[in-house]
Amino acid sequence: MMNEILQEFLDQGVVVYIEDILIYSKTGEEHIILVRKMLQRLREDQMAISLKQSVFHVKKVGFLGYVVVTDRVA
């Protein structure tokens, strides 16, 4: 369902696995724009996010057992 809702963003700064969403971009400005578009799309489809499980604007994050850093995946 998430892949269907977020189809237009996939492989253009967004990776989705079940209910986990990773948003990445080259610049801070691009990131803010993409996050806003994503949140708007989720709102349009009456989806909610958990702020307790969300992190925003970080340079290092765990995703599906990997550590994603600004320039690499470990």
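1. Two salt bridges come first: the count in this predicted model is 2 salt bridges, where a salt bridge is a side-chain nitrogen of Lys or Arg within 4 Å of a carboxyl oxygen of Asp or Glu. One of them joins Arg41 to Glu8, with the closest N and O atoms 2.6 Å apart. This pair links distant parts of the chain, 33 residues apart: Arg41 sits in helix α2 and Glu8 in the loop between α1 (2-5) and β1 (14-17). Helices (H or I, at least four residues) and strands (E, at least two) are DSSP runs, numbered from the N terminus.

2. Now for the strands, which count as paired if DSSP finds at least two bridges between them. β1 and β2 pair in the antiparallel sense over 4 bridges, and Val15 has Leu22 in β2 as its bridge partner. The two strands form a hairpin with 2 residues between them, and Ile18 in the turn has a positive phi of about 55 degrees.

3. β3 and β4 also deserve a look: they pair in the antiparallel sense over 4 bridges. Val61 has its bridge partner, Val68, in β4, while Gly62 stands opposite Val67. This hairpin has 2 residues between its strands, and Leu64 in the turn has a positive phi of about 55 degrees.

4. Tyr66 belongs to strand β4 (residues 66-69).

5. Do have a look at the largest pocket, with a volume of about 1200 Å³. On a 1 Å grid over the protein atoms alone, a pocket is an open set of points where a 1.4 Å probe fits, with protein on both sides within 12 Å along at least five of seven lines; lining residues have an atom within 4 Å of a point. There are 35 lining residues, and Ile21, Leu22, Ile23, Val55 and Val61 lie nearest the centre. β2 (20-23), α2 (28-44), β3 (60-63) and β4 each give two or more residues, with α2 giving the most, 6 residues. The lining divides into 20 nonpolar, 10 polar and 5 charged residues.

6. A word on conventions: residues are numbered from 1 along each chain as its sequence is written, and side-chain values use heavy atoms, leaving out hydrogens and water. Local features need pLDDT of at least 70 and side-chain atom pairs count only at pLDDT 80 or more, whereas totals for chains, interfaces and linings use all residues.

Definitions and conventions. Grid points are joined across faces, edges and corners, and a volume is the space filled by probe spheres set on the points. Ala, Val, Leu, Ile, Met, Phe, Trp, Tyr, Cys and Pro count as nonpolar, Asp, Glu, Lys and Arg as charged, and the others, Gly among them, as polar.
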